[in-house]
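Have a look at the structure, and then we can go through them together.

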Amino acid sequence: MRCIAHIINLVVVDGLKETNVSVKRVREAVRYIRQSPARLQKFKSCCEMEGIESKSSLCLDVCTRWNSTYLMLNVAQKFENAFDRYATIDPCFKFDLQSSDGLPDSLDWENVRRLVDFLGHFYDLTLRISGSRYVTSNIFFNEISSVDCLLQEWQGSNDIELACMGDRMKKTYQAEHERGSNVAGNTGENNESEGAKKKSRLNLGDQFLKHKIETGEANSKSDLDCYLNEGIKVVDEKEEFDILKWWQLNSGRFPILSIMVRDILAMPISTVASESAFSTRGRVLDPFRSSLTPKIVEALICAQDWLRSPIAANPLKSKLLTLKGLKRVCVSINLLLFVSNLFAKLFFIYFSAFSLCEISSINDNTVNLDS
């Protein structure tokens, strides 16, 4: 099975081979503003004047990476009015862009929104299939079939540009699909030839089948037959379905099939996570840190993965909050003890002074009586 992320990447790249002028105009506008901090500050003031409240910041794409183009366009479309106001404030902005492809107008922004919606499907799909902390084998057919339905819908679109893009992507998709089928067919033929060579070794299997027939167990249904004869479980889209937990709970009903499923679901449908792990080598072992031992490199990469893990971040955050809460309680207790000790000392001083006053008054009365 080929990496589905690579198939999606090839399909989208072929669809975006003929980049329209609108993308180039927006790219040049973003590049101009990001060239200096003064321009960025002036652009932020334009956003404030237009009442645009967004935590996103302008980012420039890499032309060879469609996902970065999607992120750039997705952010830039939110600042359409800010770009128009910036053109009235900075005269060099309009002059500089007119020398290349020109300023993005309302029609360009409409094309950008349509392209963002177009690329958003594949961007979300890539994120879902590239996960490394959950099972992805069970969603392969659903995701790849959704791509086929989406391309068919775009082929029948009234938008000529979108229809042409859908045609190019559909051809690439079919070519990759046929390539995977040919690989599977060749593998099947090899297995058949190997099976013919090993036909003489199946005597033990024949004896086992004969034993099953004699004992009457040959007619019993297998785990796979029982599983396929069951009804389809309908899961709501809002409900989170844990397929590993389901097979764990039903392992008693399907003992053999559950073991097979455990091995099948362990295979990811994308190699993005493993490739990312190997590409980290160049950022850890560079010319300035080429003497690191294997244990240190392993510790660095593992620590980076653990720190970026959302699963490990939540318990750590909760523990930090707990420690902060305990610290506040200790401070409150110490403050209470300090105040109570202070009151005790003040009371002792007051009582001592009162006692001295009483003693002195008694002595005065005794002296008066004696006189």
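Q: How confident is the predictor in the protein chain, as pLDDT?
A: This is a predicted model, and the protein chain averages a pLDDT of 75, with 76% of the residues scoring at least 70.

Q: Why does Leu119 count as buried?
A: Buried means under 20% relative accessible area. Leu119 has 0% relative accessibility, so the label applies. Leu119 belongs to helix α7 (residues 106–129).

Q: Which residues does Leu119 touch, not counting those up to four places away in sequence?
A: They are Val12, Leu16, Trp66 and Tyr70. Tyr70 is 49 residues from Leu119 in sequence, yet their C-alpha atoms are 6.3 Å apart.

Q: What makes the pair of Trp247 and Phe254 edge-to-face?
A: Ring centres must lie within 6.5 Å and the planes must be over 60 degrees apart. For Trp247 and Phe254 the values are 6.0 Å and 65 degrees, so the pair is edge-to-face. By the pairing rule, the count comes to 12 aromatic pairs.

Q: Are Trp247 and Phe254 buried or exposed?
A: The cut-off for buried is under 20%. Trp247 has a relative accessible area of 9%, so Trp247 is buried; Phe254, at 2%, is buried too.

Q: How do you know that the charged end of Arg39 sits over the ring of Tyr32?
A: The charged end of Arg39 is 3.8 Å from the ring centre of Tyr32, and the distance cut-off is within 6 Å. Tyr32 is also one of the residues in an aromatic cluster that includes Phe43 and Trp109.

Notes. Residues numbered from 1 in each chain as written. Predicted model: local features only at pLDDT ≥ 70, side-chain atom pairs only at ≥ 80, totals over all residues. Heavy atoms only, no water. Helix = DSSP H or I, 4+ residues; strand = E, 2+ residues; numbered from the N terminus. Buried < 20%, exposed > 50% of the residue type's maximum accessible area, 1.4 Å probe, protein only. Contact = heavy atoms within 4.5 Å. pLDDT = per-residue confidence, 0-100. Phe/Tyr/Trp six-rings, centres within 6.5 Å; stacked < 30°, edge-to-face > 60°. Lys NZ or Arg CZ within 6 Å of the ring centre and 35° of its normal.
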